[in-house]
Amino acid sequence: MRRRVPVGRRGSGGFTFLWVLFAVALTATGVLVVSEVSVGVARRQVREQQEWAGQQYVQAIASYYEGTPGGGKVYPPSLQVLLEDGRFPVRRRHLRQLYADPWTGSVNWETVHCGAGICGVLSSDKAPWGARLFRYPSP
């Protein structure tokens with residue numbers, strides 16, 4: 001005896017499989033778009049942190065340079081000097097701490113020298129989105 005297949009079920013299996021494939025592809029595309037957006041947001045936040053830290057160094061170098069006693073203005077010989085400036089009877093702090101470069105996580109920024117002193121810092125990250133020069137006076 002032959003088994004009978006209901007008429008309505010005969011051709012619907014292939015369409016269900018296509019709908020499932022379409023749903024998986026659409027979900028994967030959505031996840032890809034969301035991940036690209038989140039990477040861009042994270043990169044922008046790190047860039048803002050780098051901008052803030054770099055500006056702290058620029059302000060500290062400017063404070064050291066402009067606060068030089070006497071007639072000749074000099075740049076700081078090292079970043080450590082910005083933490084405690086011993087040129088005055090009362091020690092001055094131009095910088096609270098050495099801030100880390102957010103791209104590398106290290107406080108070892110590359111320094112830009114002007115004569116015998118440091119006039120700026122540069123991120124030590126070589127990636128194109130991480131390279132940024134912070135200098136006093138601005139070039």
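**Exercise 1. Classify Arg-93 by its accessibility: is Arg-93 buried or exposed?**

Solution. 
- Step 1. In this predicted model, Arg-93 has a relative accessibility of 57%.
- Step 2. The cut-off for exposed is over 50%. Arg-93 therefore counts as exposed.
- Step 3. Now take its partner. The side chain of Arg-93 meets that of Glu-84 in a salt bridge, 3.5 Å from N to O. The limit for a salt bridge is 4 Å.
- Step 4. Glu-84 has 39% relative accessibility, so Glu-84 counts as partly exposed.
- Step 5. Widen the view. A network of salt bridges links Glu-84, Arg-91 and Arg-93.

**Exercise 2. Find the salt-bridge partner of Arg-87 and classify both residues.**

Solution. 
- Step 1. Arg-87 pairs with Asp-85. Their closest N and O atoms are 2.8 Å apart.
- Step 2. Arg-87 has a relative accessible area of 27%, so Arg-87 is partly exposed.
- Step 3. Asp-85 comes to 1%. Buried means under 20%, so Asp-85 counts as buried.

**Exercise 3. Which parts of the chain does the pair Arg-132 and Glu-51 link?**

Solution. 
- Step 1. Check the contact. Arg-132 and Glu-51 form a salt bridge, with the closest N and O atoms 3.2 Å apart.
- Step 2. Place each residue. Arg-132 sits in the loop between β2 (117–122) and β3 (133–135), and Glu-51 sits in helix α1 (residues 13–66).
- Step 3. The two residues are 81 residues apart, so the pair links distant parts of the chain.
- Step 4. Arg-132 is partly exposed at 26%. Glu-51 is partly exposed at 30%.
- Step 5. Close with the total. The model holds 4 salt bridges.

**Exercise 4. Which residue's side chain does Gln-50 contact?**

Solution. 
- Step 1. Gln-50 belongs to helix α1.
- Step 2. Its relative accessible area is 1%, so Gln-50 is buried.
- Step 3. The side chain of Gln-50 makes a polar contact of 3.4 Å with the side chain of Ser-123.

**Exercise 5. Which residues make the nonpolar surface patch of about 850 Å²?**

Solution. 
- Step 1. The patch is made by Phe-15, Phe-17, Leu-18, Trp-19, Leu-21, Phe-22 and Leu-26.
- Step 2. Take Trp-19 as the test case. Trp-19 lies in helix α1.
- Step 3. Patch residues need over 30% relative accessible area. Trp-19 has 60% relative accessibility, so Trp-19 counts as exposed.

Definitions and conventions: Residues are numbered from 1 along each chain as its sequence is written. This is a predicted model: local features need pLDDT of at least 70, side-chain atom pairs count only at pLDDT 80 or more; totals for chains, interfaces and linings use all residues. Side-chain values use heavy atoms; hydrogens and water are left out. Helices (H or I, at least four residues) and strands (E, at least two) are DSSP runs, numbered from the N terminus. Buried means under 20% relative accessible area, exposed over 50%, partly exposed in between (1.4 Å probe, protein chains only). A polar contact is a pair of N or O atoms within 3.5 Å; within protein, one must be able to donate a hydrogen and the other to accept it, and residues adjacent in sequence count only if both atoms are side-chain atoms. Patches are made of residues with over 30% relative accessible area and no salt bridge: like charges are joined within 9 Å, nonpolar side chains (Val, Leu, Ile, Met, Phe, Trp, Tyr) within 5 Å. Accessible areas come from the Shrake-Rupley method with a 1.4 Å probe; for residues, only the protein chains shown count as cover.
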